[in-house]
Amino acid sequence: MTDILKDKFIGLGVTGSIACYKAIDLASKLTQSGASVDVILTRGAREFITALAFSSITHRPVSEDMFDPKSELSIDHVAVAERVDLIVVAPATAHTIAKLAHGLADDALTATILATGAPVLVAPAMDAHMYGNLATQENVRTLQRRGVTIVGPATGRLASGLVGKGRMVETAELMGWITLALGKTGDMAGRKVVVSAGGTQEAIDPVRVVTNNSSGKMGYAIAEAARDRGGDAVLVTAPTALPDPIGVRVVKVQSALDMQKAITAEIDDADVVVMAAAVSDWRPVETADQKIKKSASNEWTLEFTKNPDIIAGLPSDKLVKVGFAAETEDLIANAQTKLVSKGLDLIAANDVTATDSGFATDTNRVMLFDREGGIEVVPLMSKYDVGHRILDRVKHMFRQGPNDATSVGEDATGEGD
Ligand code: PMT
């Protein structure tokens with residue numbers, strides 16, 4: 001799924017909750033993404049699930065009892081603590097959270113967390129009353145103050161049969177938090193990356209719109225890729241059915257004019273804008289206040305007026321401008337024309353007639369054209385990976401240093417020679 005997990009060591013602490021079954025899925029997704037996963041089970045977890053379940057997936061030993069002579073931890077009790085890039089405790093019971101808050105180290109998991117310098121994520125899972133208890137709440141706040149990221153819990157049906165706040169979050173959400181934490185020092189750190197997504201909706205009346213087939217997947221994937229490289233990712237999106245990505249600021253808009261306003265408000269301190277949205281070139285001249293009734297006539301004519309070209313109107317002195325070209329014919333010629341006419345640094349051309357790329361697919365195949373005449377053919381791959389290929393190019397195009405207004409090549413000290 002993501003390169004960011006490739007060759008990383010992740011510690012996965014599993015504690016005694018029925019949500020242990022979700023930890024199997026998490027271990028599987030992390031392993032599939034190229035991470036080496038060191039699972040540590042507490043005594044409570046071992047009542048719910050076996051070490052074999054995890055080692056079958058991770059192909060690595062699982063730590064249980066640190067005094068077991070066969071355990072790596074009995075020889076070097078901080079081995080996992082020192083090796084890992086990140087530790088996730090999922091599910092985390094009230095009991096383990098309390099032990100962590102008080103700095104206890106009476107088992108392999110708590111000793112490892114006390115000894116590690118790696119970031120720690122904790123995903124609580126417990127009965128709603130236990131979570132709401134002041135003791136747990138104070139323990140959670142203590143951990144947050146120390147820099148631990150608490151993920152969830154979600155509200156929903158609990159093992160007790162009650163409905164409340166205490167469900168462990170789902171794997172997809174945890175994966176978002178994990179890549180966010182690992183990517184903090186990536187090559188987009190200190191960069192504000194504004195991405196647009198989805199198909200704008202131009203209202204005809206309160207119940208009808210003119211729109212297009214964009215699902216938003218391409219733009220969302222670019223925002224996630226920017227986040228996973230440490231970027232401050234802002235997603236300006238037309239309506240989609242997609243969940244808000246973790247760690248990305250989402251601004252929801254409807255029409256092209258709304259999108260223009262939202263993007264204009266974000267770009268002053270932005271380093272790059274990537275327009276993956278399918279923006280309607282036209283909008284109805286008038287939007288009726290009330291639903292337009294069926295008339296006796298068999299024809300109905302709607303009059304349209306042109307929308308502004310959002311990306312063409314953005315300044316390019318400090319901002320790197322990346323566009324997409326959605327084409328059904330003459331892909332190369334049309335993309336090159338748009339690159340120049342819209343004043344872009346880079347354009348990703350995609351053939352939207354293909355069944356495996358373009359609108360609503362999870363994959364895309366693009367050609368990247370830059371203003372120096374460079375052409376890069378990006379073969380079929382996930383939209384997330386296409387996002388990374390675009391950012392691989394963007395990182396060489398920034399006009400200014402990260403998080404400041406100092407131009408590249410300018411003396412950053414301001415002292416001169
Ligand atoms: O959302 P998905 O289902 O994942 O589909 C992805 C996608 C096919 C929508 C995406 O990959 C894509 O091609 N997006 C651009 C669609 C588009 O509007 O292309 P265009 O060739 O009409 O426009 C060229 C560029 O100008 C685009 O970056 C567009 O966002 C921008 N534009 C267009 C019109 C307008 N009024 N203002 C703009 O800024």
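The chain has 14 helices and 19 strands, where helices (H or I, at least four residues) and strands (E, at least two) are DSSP runs numbered from the N terminus. This is a predicted model in which local features need pLDDT of at least 70 and side-chain atom pairs count only at pLDDT 80 or more, while totals for chains, interfaces and linings use all residues. Residues are numbered from 1 along each chain as its sequence is written, and side-chain values use heavy atoms, with hydrogens and water left out.

Taken along the principal axes, the C-alpha atoms of the chain fill a box of roughly 80 × 70 × 40 Å. Of the 417 residues in the chain, 49% are buried; buried means under 20% relative accessible area, exposed over 50%, and partly exposed in between, with a 1.4 Å probe and protein chains only. Among contacts (heavy atoms within 4.5 Å) between residues at least 6 apart in sequence, 65% join residues at least 24 apart.

**Helix packing**

Two helix pairs are described here. Axes are lines fitted to C-alpha atoms, for helices over the stretch in contact, and angles run from 0 to 180 degrees between N-to-C directions. Angles under 35 degrees count as roughly parallel, over 145 as roughly antiparallel, 65 to 115 as roughly perpendicular and the rest as oblique.

Helix H1 (residues 20–32) packs on helix H3 (residues 51–58) at an angle of about 15 degrees, with the axes 9 Å apart. H1 and H3 are therefore roughly parallel to each other. The contact is made by Cys20, Ala23, Ile24, Ala27, Ser28 and Thr31 on the H1 side and by Ala53, Phe54, Ile57 and Thr58 on the H3 side. By class, this contact of H1 with H3 has 7 nonpolar, 3 polar and no charged residues; Ala, Val, Leu, Ile, Met, Phe, Trp, Tyr, Cys and Pro count as nonpolar, Asp, Glu, Lys and Arg as charged, and the others, Gly among them, as polar.

The axes of helix H6 (residues 94–101) and helix H9 (residues 134–145) come within 9 Å and cross at roughly 50 degrees. H6 and H9 are therefore oblique to each other. H6 contributes Ala94, Ile97, Ala98, Leu100 and Ala101 to the contact, and H9 contributes Thr136, Asn139, Val140, Thr142 and Leu143. The residues of the contact of H6 with H9 divide into 7 nonpolar, 3 polar and no charged.

**Salt bridges**

Side chains of opposite charge can pair when their charged atoms come close. A salt bridge is taken as a side-chain nitrogen of Lys or Arg within 4 Å of a carboxyl oxygen of Asp or Glu, and by this rule the count comes to 30 salt bridges. Three of them are listed below.

| Pair | N to O distance |
|---|---|
| Asp269 and Lys192 | 2.8 Å |
| Arg389 and Glu376 | 3.3 Å |
| Glu376 and Arg393 | 2.8 Å |

Asp269 forms its salt bridge with Lys192. Asp269 lies in the loop between helix H12 (256–266) and strand S13 (272–275) and Lys192 in strand S8 (residues 192–197), so the pair ties together parts that are 77 residues apart in sequence. Lys192, at 7% relative accessibility, counts as buried.

Glu376 pairs with Arg389 and also with Arg393. The pair of Arg389 in helix H14 (residues 383–394) and Glu376 in strand S19 (residues 375–382) links parts of the chain 13 residues apart. At 27% relative accessibility, Arg389 counts as partly exposed. Glu376 and Arg393 are 17 residues apart, again linking strand S19 and helix H14. Arg393, at 18% relative accessibility, counts as buried.

Elsewhere, a network of salt bridges links Asp38, Arg60, Glu72 and Arg83.
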